[in-house]
Structures are given as C-alpha cells and as structure tokens.
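This report concerns a structure shown with its sequence. Please consult both alongside the text.

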Amino acid sequence: MIVKPKNLIGLILLHTFLISVALSCICPLFWMINSSFKTNEEFRNDYGLEPAEEFNLENYKKAIFDGDMGIYFLNSVFYTFITVFIIVIMSSLAAFAFSRLQFPGKDIILFIFLTAMMIPLPAGFVPVYILLNKLHLANRIGYVMAMSNMGLSLSIYLLKTFFDQIPRDLEDAASIDGCNKLGIWWNVGMPLVAPALAVVIIVNSLTVWNEFVLASLMFTNAKLMPVQVGLMEFYNKNVIDHTLLMASLAIAAIPIIIIYIIMQKHIIKGITSGAMVG
Amino acid sequence: MKNLLKFLSIVLIIPFVLSGCGSQETKDEKIIIWHWMNDRKETFDNLASLYKEQTGLIVEFKLFSPPDIYSQKVIAAARSGKLPDIFGIIGEKKTMSSFIKAKYILNLTPYMKENDKSWQNSFYPQALDVNRFKKDNTYNVEEGIYGVPIDITIMEFVYNKDIFTKAGLDPERPPETFAEFLSYAKKIKETLGINGFISGWGEGWLINALAVEWAINLMGEEKFIQTIEGKIPYTDKQWVEVFSMFLKMEQNGILANNITTMINKEAEDLFSRGQSAFSFNGSWAVNVYKQLAPDLNYNFFPLPKISNEHPVKIWGGAGSSFLINNSSKNKKNAVNFLKWMTAKDQQNLLAKETNNLPSIKNCQEGLTGVLADMIDDLDNLTHPNIWPVNENSRVLEAIISGLQQIVMGLKTPEEVAAEIQKVKERGSPK
Amino acid sequence: MNDYRPKDKAANFSFVFPALLIFSVFYIYPFFYSFVLSLHRSDGIFTYDFIGLAHFRDIFQDKAWWRSFYNGGFITFWALTFQNVLAFALALGVDKAIKTGKIYRVIFFILPVLSEIIIGLLMRTILLSEPGILNHWLNQIGFGFITRDWLAPNFALLTTALVHCWKGFGWAFIILLAGLQTIPEQLYEAAKIDGASYIQRFFKITLPLLMPVVSMVVVLTLLGTMQAFAMVLSLTRGTGRLTEVPVMIIYNHLRGNQVGLACAEGIILGAVLVIVSFGMFAFSKWIKDKT
C-alpha cells in the first residue's frame, strides 16, 4: 500500500473508477444470461436490455438437446478430466525423479524440459496435427495425448521446486518403514506438494478447457467436439437466432463462472504462481 | 505401486500399437464400398438391398463420417493395402493422381468403351472429366478414366421468390443480365429494406468461383486458361472489368453487411430466413435449405451475364465419385455394380431421395422442383478439375483477398489486378 | 535411496519415462519435424517435394504475411499500453482499497477465465451493426454520437484490439497486484516518515521493486498477443485481411493443405517472438542495472 486514503473525495473517485471497470466486465455477461431467457420477439423489442420476466428455459433445451451443446460440454469435461489426470501423474513422477532420484542423462533431460518452456512455438499445432494424422490418432486418444504435453514442462518445473523443499528426513523415515520409491512418491511426496498440485490442476484445466486450435483442426465430427469448437459450429448454424446463441454461450460460461467463484482464491493463486514461474 | 507405473506406460503406448491395426477382410463374393456421405446412408443401403434382389449379389456400404475421418481411413488403408473394392477420394485431383500413380485405382477406360462407349456416353462429359486424365497431363498419370461420378454439383445464383413478389417483381423471371440483377436487388433493398445479395464470401472459394464464372463469360474459357498459363496478365483490361463487377455490387449497396466475414453456413442460414433476395451457392444447398426452412420459396438461376461474347459457363462437375480398387478380387462385379448404380432408375432414385443432380443425361423426368429447373444448365459446366492447368494457391489467395478488399471498398480493381499479377510473377516455389 | 545399482537406475528412469515419451513425441519430434517440413512442398499426406528455402523466400515477399504482423503488432501495442496501464492503475487502486479489494479481484478476473471463443462470439453479437446491441444502448444513454459499425473494415482492427484488452486486463491486473502485495509495508512507512510524497514513493519504491514483475507482464503480454487467434477468429474472422493475425494465416494454410508453408511461417513467427522477448528481457535488465 503506497498511500492511505486521506479524504472522502479521493475514496469516492477511486471506487467510481473501480466500479465502472467492474461493471464493464459483468454487464455483458449479465446481458448474455438475461437475453438467453427471452424469445426472439421479446429480444427484437428490447435488444435484451430489459430484465427477463421469467426464466424461460426453451433456448437452453433447444441448445442442449437439438444443438448438441450437451454433447460438446460432456466432451470437454471428459478431455479436461483425463488430460489433467495424466499430466498430474506424469509430471509429479518426473518432478519427483528430477528432485530425488539418480539416473543417467538426468541433467540433460531436465535442461530440455526447461528450455522448452522458454521457446514459444506459435505454430506447434501444425506438426502435431500432421503427426496425429500420420499415426491415425485424429481422435479422442490423440487429442488427449497431444494436450497432455502442453502443460508438461511448466508442471514438472513447478512440482520440482516443491519436491526440492521436502526435508530428506521424511523420506528416510518412510524408507525405513519399508516404503519403496513409488511408495515415497505417493505417500510422502504427493501430500506435501499438494499446494503445487492444486496449481498444476488449475492451470492445466483452464488450458485444456479453453483450447481451440488443435481441436478445431482435428474434430469435424460433432460427437467428438469440445465445447469451444462446438460453440463456433453452433454459432455459424444459428447466426440470427440471437437468444438461442446467448443460451449456448451461457451454457459454456456459467459452469466455469460458478466453479471460478467457488474456487477463486485457489484459481487466482494458481494463475499467479503459474505465471510467475513462466 | 510399481504396477501403476507399468500400467501407465502401457496405457500410453497402447494407442500407438493399436492404431497400426485395422481389421479389414474382404470376402470374395461380397462387394465392400466405403463412403463418407452421411446424408445418403439410407438410400445407399436401399440400393444395396435392391441390387441383391435383382442379382443375388451382396453389396455392403460402409459409412465413415465425417469426411476427414474418412480421408484418413482411406489413406491408411491404401498404405497398408487394405482398400475395399469400391471407395471414393475426397479432395483435389492431385490426391487422386497420387493414388493412381501408386496403382491403387483401376483404369475404367476399357469398361467405359464397351458396346460403343455406351456407359461413357451416358454421363455428362463434364462429370466424367473430373475423373479423366487426358494424354500428357501435368500429373504424369496414364491416360484414362478412373472413376464413376454418381452425382453433379453446380454453383449458381439463388433468389427468393416471395421477396420478388413482395417487391412487385415477377417471381418466375430471375434476372438474366448483370444490369438487371443490380436493378432488381436495388429495388428490393429500397422497397423492402432487405439485403440484395448474401454469400459466404468469408470463405474464399465462393467469391473465387463467382469471379471465374464472370471471367469465362467475358473473355471465354480459352483466354481464361491462358491467364493461368501465364500468357495473359491479370492486369488485362478484361480481368480488371471482372474485378470491377464486385466494386459495382458494393457501390450499389446491395451486399449484406459484413459479407466478407460471413461463412457459407451463416449465409445459408440468413438466406433461408428471408434476410436476403439473392445468394450465390452450390446445388447442395437444396438439401440445406430443405432442412433449415422447408417452406422456403426459391429457385436457382444461371449467372447474370456481363457480356454476350462468350457463353455462360457454370462452375460444376462431379460431386462425388466412386473408384475401384485395382487389386480387388472382384473387379468385374464392382464394375457391374457401378454400371447398375449409374443407370437411369437408380440415378432417379438417388436424385429424388438425396436432392442431388444425377450424373447421367436424360434423367429429367425423375426430378422435381428446383433440381428439375437446374438440369438445363448442366450442359455448360466448368471446373478446375477439367482445366488443363490450375492456378497456384498463392495466386488464388491473392485473388480472393483482393476481391474481398474491393468489396470492402479498400482497393480499386486496378490495384488488385496489379497485386495479383505481382504474386503471379513471383511464381510458385519450385 | 542414493545407490547406483543398474537395476535402480532403470527403475529411477522409469519415473521420467512417461513424461519424456509424451514430450518427445509431441514436442521434440514436432519441433524438428516442422523444420524439415518447412523445406518441402507438402500437403501432409502424399506430396513431399524438397524445395529448399523457397517457402521462406516466398514469405519474405508476401505482403499479406507482413500485414498480419502489422495487425498483430497493432493489437500488441494496445495490449502493452492501454491494457497494462489500466491493469496497473487498477492494481494500485485495489491494493489501496483493502476491504472491498477482494470483490474487485474476483470480478476483474472473470473475463480471463472465460474462453476466447465465448468472449469473441459474445462481443461479435453485441458489436455487429445488425442487431446493433451496443449502438442501441449507446443511443439510450445519450451517447448516440459515437455509434458506428464497430466491425466495419476501417474500425475492426481497433475494435479487436480493444476487445483483446478488455478480456486480458484482468490477468495483468492479478499479477501486478500480487507483485504489489509483496512490497513490505514498512518501506512505505519509512519513506513517509522521511517526508516522501506519493509521487516520490511511487518512483523510488513501487516501480523499482515491481520492475521484475512488470517486465514479466510485458513479455507475457507480447507473446500472448502476437499469438492471439481464437478470439480474433470468433470476433471478426479476419475481415478480409484487415484483422488477420499471423497464427490465422498459418491456420488457414494448414487447412488448405499447404503444410510446408504453414511450418515455415510458424518458424518465422517463433523466431521473431524469441528475439523480441529476449530483447525485452535484456532491455529491462539494462534499465534495472542503470537505476
């Protein structure tokens, strides 16, 4: 804190500024949700600017069941869940090994992982897409595997710094108790790096959930599309049905907003530490 | 716990191993056909059971959808020598030529020529041309006909009859010339406030197809091809005139807002909801409009002429084609089935049930409504697949973005022509 | 624990193996593969003709490609200035308003959490002149004079930049705020006792201590914005070439089966970004050493 508010006017000015920016963030979202409850006739009259009179769920029904939004959504849940699970297991195993175990080539491999974090690959999706096609993996499995790679370096680095801080004594005690390395990783390591795991889970969940480019290249079958690609499809097919479109956007946005509000403390912390590392 | 690790690495490896295997057994008597045409599944299956009734032979259609999954499937099968008896290829002629050079596809010329070319002559030549490689072609493929077209798609203008009526125009008389088209569209815009023209010009190929149609109308196909060959520059007066058609459309205010960012699905949606009087679209739209708005009162019409010097040519050719596996054990049966499938009765059935234009001539009576009206236009088709040379993709890009910029009022036709020519002269990387 | 029997080495290595495998297949191999592909004219399926550096020569002469760099640069410029200055101002403000700070923090970060597609499509619907939501609302509150076709050719790029800033400022804000909160309170107190004014405290304490965070935000903004794609695609679809960004060109070439070209373009963009971001780091270090 660099100054303490000395007077009321300063305080009012400050809050006017903050509130107006905050309103600019939430008003469009409220408008979106509000419009989604309207019929197109109502929308034509008031542009979705008047509060909806009732929670008319017709548009939601239409979007979820007729427009495949339900499938898109479940696909995204599936991709996110599986991918993040794989990343957590792989990166924590690797981070544990980099921190604690000896094996040939350790330094070089770690160096490669860390360098990869520094080099931006703006068109990394091009060779990955070609590769997946060559391996006949333009499907769910291929997508999950390609996405698992995305957050790998960062996750390993993050977890390694945490594993490094675990005192040796704990492990020794565990190994005397008869734990093997895998047991130490799971029973001693994992609980102690839980805060870092939370960060890994949050950062990667957001990346996978919001990924668009690779998914849009790989999936043209509506049954496989995640929600980001599905939204584009849905939008193009229903351009003029504005209230229906808003319902589809709301379906994609509301669960995320709710999860975010419940877990905002962790998410904000996760993103901050994720970025600080990067 | 160690097992977990094992399990994990196995899980990660399995997909690589599995992906190599695909089970594909071809029994000798059965004809297996792979296709990607989701919307025609039922009709195909009906045809198969009909064929069994008539001949006792079993044909099995296998659907792999969507198209890119299908493409991958075919390419993978080709590499591992497991192609079915009959299949199709989606994509450019170049892809087909690679298949032929790899000896995956049977040359159908002998069968086409049997009985005084009776099979060959039943098709619209343009539909067949898509699957034909002429002598000394640029692809270095042995001369011949390699595929059987099962339908035709064409690109034409569409108009909304109800909007015509409302604006006091004759709904049975679509414009014939560009001037008429402009004045109709303007009248509709002024009296009803409805956009004159809409099209998915955010997708380049649509705007390009229209430019090609006008170019061939103005300068003739020969001069058009010479441009591609590099003998005539894009800065030629007539090319500039073609580009200026787009400027005229823009200047007369008949184009829908944001037309250059619109994609075809969006334009189809808007047109089917009566948001525009005219559009430029393919014959597949019959099916699309039917799904979007079954009551839409519309019709297709040929390109509004900009010149009387050369005949109007319509962008079109074979929609989908079937090819026969060169190493199939029942080539003869496969040929016979395709002959049967492209006979009149079956073509009529396909046209009726799938809203596609038939690939063989003299099939009019089986068609109804919009498709029946379109059949007259099938005699003057043109398509990149039947030109001796094709424009390089960088030049196409320049043409498309140039036209978009003209429509947005950012560049003059002259500037665009000069830019295209510059890209053309830069040449394709050799 | 730290024995070196061969069997153990292998067992130890197996901890890294899954990660290394995925990483090799989906990062290391594609990385080198894209260099190889960039030297070929390839559709990714059949054709695979070696053409040397022809793609690179082609790209360097390609106006459309450099135009997309300009577009990306334009958006980046707005993100670096407008977005980050706004974020910084908000961070300073929220840092001060302790009691209500949390609520602001939660609200500002909603937009970065949502996907680019949602934001792009939502803003497209609001900004399009048909139905014209924003224009209608502006008319209602008496700001009719600024209504316009926000996505019209001559305005689309600026609109895109502003929407990008709007979506992104919350992210910069959160990080800058976290940075601000690491500055110990006592420093300010001490400076205050010494009679330093607000301005002096800002330049003598806040800014120098925040410099590492600021330079990080700058570099990440730059990298993120130059690679922006999904939001631009869903908002404007490129508007002809007017809002086309580099990744959009790469994406379209890939879709058009010009795989080699797409790879070459990706390499050029990647190289430019590496050079610029290292330049930025060097620059910020140089500033730090000077002060």
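## Basis of the model

The model is predicted; local features need pLDDT of at least 70, side-chain atom pairs count only at pLDDT 80 or more, and totals for chains, interfaces and linings use all residues. Residues are numbered from 1 along each chain as its sequence is written, while chains are lettered from A and ligands numbered from 1 in the order in which they are written.

## Domains of chain A

Chain A comprises domain 1 (8–56) and domain 2 (68–277), with bounds from an automatic or database domain assignment. Taken over C-alpha atoms, the centres of the two domains lie 33 Å apart.

Eight residues of domain 1 of chain A contact seven residues of domain 2 of chain A (a contact requires C-beta atoms, placed from the backbone, to lie within 7 Å). On the domain 1 side, helix 1 (8–36) and helix 2 (40–46) of chain A are the elements that give two or more residues; helix 1 of chain A gives the most, with four. Helices are DSSP runs of H or I with at least four residues, numbered from the N terminus. The residues on this side divide into three nonpolar, four polar and one charged (Ala, Val, Leu, Ile, Met, Phe, Trp, Tyr, Cys and Pro count as nonpolar, Asp, Glu, Lys and Arg as charged, and the others, Gly among them, as polar).

## Interface of chains A and C

Between these chains, 78 residues of chain C are in contact with 75 residues of chain A. Helix 1 (residues 6–38) of chain C supplies the largest share of the chain C side, 18 residues. That side has 57 nonpolar, 13 polar and eight charged residues.

## Helices 4 and 8 of chain A

The axes of helix 4 (residues 69–100) and helix 8 (residues 152–165) of chain A come within 8 Å and cross at roughly 45° (axes are lines fitted to C-alpha atoms over the stretch in contact, with angles from 0 to 180 degrees between N-to-C directions).

## Confidence in chain B

Chain B has a mean pLDDT of 85, and 92% of its residues reach 70 or more (pLDDT is the predictor's confidence in each residue, from 0 to 100). Confidence in chain B is lowest in helix 1 (residues 2–19), at a mean of 47, and highest in helix 10 (residues 237–251), at 95.

Conventions
Two residues are in contact if their C-beta atoms, placed from the backbone, lie within 7 Å.
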